[in-house]
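Please work through the exercises below with the sequence and the structure at hand, and try each task before reading its solution.

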Amino acid sequence: GGVANLLAEPRVAVVASLLLPCLGLPLGLLLQVLALRLTPRVQPGCYAAGSGADLQIALRSEALEQAMAWLSGSLFWPPWLRLAGMRIGPGAEVSSIIDVLPETVSIGEESFFADGVYFCQPRRLPGRVLVAETRLGPGSFLGNHALVRAGLDYPAGFFLGVSTVAGPQQAAEGGDWFGHPPFRLPRREQ
């Protein structure tokens, strides 16, 4: 047939042999995001460890981490996350985020994430896994390796320094936090 004759043409065969392997990665990323989008989302709640829901949580989080290896820090990462179900405001910059369920997160516009942020991961307790909705207000900044607990509503302009853990107190009070345990930073330049 026609395809066999076309591939028998030397120039077409060379172009096809160079182009086809390059399509594997984009197609794989597209299939991953479609799988996340088309399969049932994990709802906030408490699930038994080792249950089907726990497996679904692990698979969804792993799919995001695999895509992150290729897309993190690129212009394609926020749109991919949006397609996966994460709500991300315009102008937000997201680098590498670890152990997150995209459907449980809302990120405000003009927010910035440095590398390696542990963002709203499901909380694993003996015999159960807790999944909760989390909202990060607009204009927020999360430093490298910061840990943002799930289930909280972080206010606009929230600042979390390098390797700082945010919890209920930081979410309730807002402002600028640094260290472990976290302490308030003096007023920073606006």
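The model is a predicted one, in which local features need pLDDT of at least 70 and side-chain atom pairs count only at pLDDT 80 or more, while totals for chains, interfaces and linings use all residues. Residues are numbered from 1 along each chain as its sequence is written, and side-chain values use heavy atoms, with hydrogens and water left out.

**Exercise 1.** Find in which order the strands (DSSP runs of E, at least two residues, numbered from the N terminus) of the antiparallel open sheet are arranged.

*Solution.* Begin with the order, which is E1-E8-E7 for these 3 strands. Next, look at the edges, where E1 (45-48) and E7 (123-125) each have a single partner strand, so one side of each lacks a neighbour in the sheet. Then follow the pairing (at least two DSSP bridges between two strands): E1 is joined to E8 (residues 128-131) by 4 bridges, and Ala48 has Arg128 as its bridge partner in E8.

**Exercise 2.** Determine which residue of E14 stands opposite Leu147.

*Solution.* Start from the parallel open sheet of 4 strands, ordered E3-E6-E11-E14. Within this sheet, E11 (residues 147-148) pairs with E14 over 2 bridges, and the residue of E14 opposite Leu147 is Val165.

**Exercise 3.** Decide whether Leu34 is buried, partly exposed or exposed.

*Solution.* First locate Leu34, which lies in helix H2 (residues 10-38); a helix is a DSSP run of H or I with at least four residues. Leu34 has a relative accessible area of 38% and is therefore partly exposed, given that buried means under 20%, exposed over 50% and partly exposed in between, with a 1.4 Å probe and protein chains only.
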